[in-house]
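Here's a quick tour for anyone about to work with this complex. Take a look at the model first, then we'll go through confidence, domains and the chain-chain contact.

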Amino acid sequence: MSKRLTLLPGIALILILFLIPVGIVFQQGLFDPAFTIEHFTRFATRGAYMRIFWNTLQVSAVVALACLLIGYPIAYFIVRQPTARRPFLMFLVLVPMWMSILARTYAWMVVLGKEGIINQTLIALGIIDTPIQMLFTTGAVYVGMVQIMLPILIVTCFSSMTEIDQSLLRAARIMGASPRKAFREVFLPLSAEGAITGTLIVFILSMGFFIVPALIGGRKDTMMANVISGQVSQTNWGFAAALAIVLLAATLLILTLVRGASAKLVHHHEEAH
Amino acid sequence: MKLTKTLTAFTLGATMAASAAFAEGTLTYAGSGGGLAQVMKGVFDDPFTAETGIAVNALATSDRASALKAMQVAGKVTWDVTELNPIEYATASLSGWLAPLDWSVMDPNNALPDDAKLADAGIAATFSTVMAVRTDKLPEGKQMTSWADFWNVEGFPGGRALQNQPIDNLEFALIADGVAPADVYTVLATEEGQDRAFAKLDEIKPHIAVWWTAGAQPVQMLSDGEVAYTSAWNGRIAKLAAEGVPVTINWNGGGIKASYVAIVKGSENVEAGQKYISFMMTSPERAAQFASMVPYPGMVKGLYDHIPAEKGTMMPTHPNNVGDQFVTNALFWGKNLGPLKERWEDWILE
């Protein structure tokens, strides 16, 4: 009972700071002033918005998976280091997060630009004659977003990996498992939940991104948040709210699906043993 | 001597500001913050406080139309005087969120032209979306002098950029297609005129490397050599040129825009607000002092008599430049932005 009581302030805080504003967003999107689905039909019937919506999903999924593929091995590498060395390596991972996203995005212009570092190096080395168009492409958006999101995935993976009892791995080895098999059968399943959580966090955050696509993307790299911000400043709050609801609903749906699928997977794995 | 004067003004201003908060009240001004607010403090706010005893509380704001809507919906007005860009002004004015101004009190000596005195706002500053050209990237012996040249990708090879929005670009396209700047909005008001503008934009679309979204981008891209020709805001290009980048402004076909100041409907400081707007707008000396620090000049008569020629010619309302440009029609865009923006989003994603 007392345990529940101590939860009360937290619940009240969430209620006031989260549920009420979200409720107002729903009210804005659905009432104008009478109940209407006009904003949602506008979203569904205009080609541009659906295209932007699919683009947002696709970019977020690619960024999340890329972060997983790059970040998981890095987290694994750090966990395998002597305990005394880990804080310094984690510090290096976290340093970029202290810099503003805006400044880092502008920095990519210097790196990827036509007269940027990469192009100038390639030209100086005689590998290419004319500069490659790297800036203002979808690829640039992926690079910029992965760079920003990577620390989040590494931290999530790392913290779940540190909780794994290393003696389990030793036990597997003693029982005759090869290092690869010990990793696959013991470490991977135990760290899977953290990796999935990290990937989902990156996915959710990516769904709301707009600085990177706006600054270093091409003309087709518009995301939902760019449109929402534009609609808010044009004072079309109802439509902006409807777009936000669509974004929220899609994110929650995907979250539930992936969570369900991964729970089954982990459960299945446990049963197999 | 001048320094002493400034210092006295500052000290006086500061002292007055401290006491004025009690004596005469405070005026809340919703501005853009940053460097602009610093300049305004020195040129307008502190001398105003020294003269009237009214303190000015300058806020750094953005998305002002949205903020004004929120204030009117909530019935709690927290700004007295606000700065507005053309679209914000059109939205606020058409929605009735601005208080009427009494220009007979604010400008009794007619220091301002009638164009600067609107029923619910004053034009405090002007800027222009112009064509910026990297002169070292031009073909030998050629000058880019018009939007038709900008569209001529064979005669003028090189990377190009435009802003990712319908405002300005539809006008530029029509001008490139031979419409006289004065007729642009008559043409654009018709369905055929809009089709014509988009058809002209179709021609240039494959050659636009970047559709920029933030005012700092064209500046960055010009200085990095990412593009050779782009639309940009005049003040930023003047600054870039002053930093030694070989870049020049082509005023021909530029879109002059106003920065408006208005009193928010429901403000309790209407009288003080009017005094402040009048103080800001009606003195040519002060306006010149402001414009020589920020190249966004006001409309007061005789302004250029107080500005050296080499600075003046970098400004949009200078007699040399003003005739070549068109004035962006805020009310047209206030009414038509919604559908044209949707069409633009469709078009840009194609």
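pLDDT is the predictor's own confidence in each residue, on a scale from 0 to 100. Keep that in mind, since this is a predicted model. Chain B averages a pLDDT of 91, with 93% of its residues at 70 or more. For the complex, the predictor reports an ipTM of 0.77 and a pTM of 0.83.

Domain 1 of chain B takes in 2-126 + 258-312, while domain 2 of chain B covers 127-256 + 338-349. Their C-alpha centres are 31 Å apart. Where the two meet, six residues of domain 1 of chain B contact five residues of domain 2 of chain B. On the domain 1 side, that makes four nonpolar residues, two polar ones and no charged ones.

What about the contact with the other chain? There, 22 residues of chain B touch 19 residues of chain A. Helix H16 of chain B gives the largest share of chain B's side, six residues. Helix H16 is one of the elements that put two or more residues into that side; here they are with their ranges:

| Element of chain B | Residues |
|---|---|
| helix H3 | 64-74 |
| strand S7 | 208-212 |
| helix H10 | 216-224 |
| helix H16 | 330-349 |

By class, chain B's side of this contact has eight nonpolar, seven polar and seven charged residues.

Note on methods:
Residues are numbered from 1 along each chain as its sequence is written. Chains are lettered from A and ligands numbered from 1 in the order in which they are written. This is a predicted model: local features need pLDDT of at least 70, side-chain atom pairs count only at pLDDT 80 or more; totals for chains, interfaces and linings use all residues. Domain bounds come from an automatic or database domain assignment. Two residues are in contact if their C-beta atoms, placed from the backbone, lie within 7 Å. Ala, Val, Leu, Ile, Met, Phe, Trp, Tyr, Cys and Pro count as nonpolar, Asp, Glu, Lys and Arg as charged, and the others, Gly among them, as polar. Helices (H or I, at least four residues) and strands (E, at least two) are DSSP runs, numbered from the N terminus.
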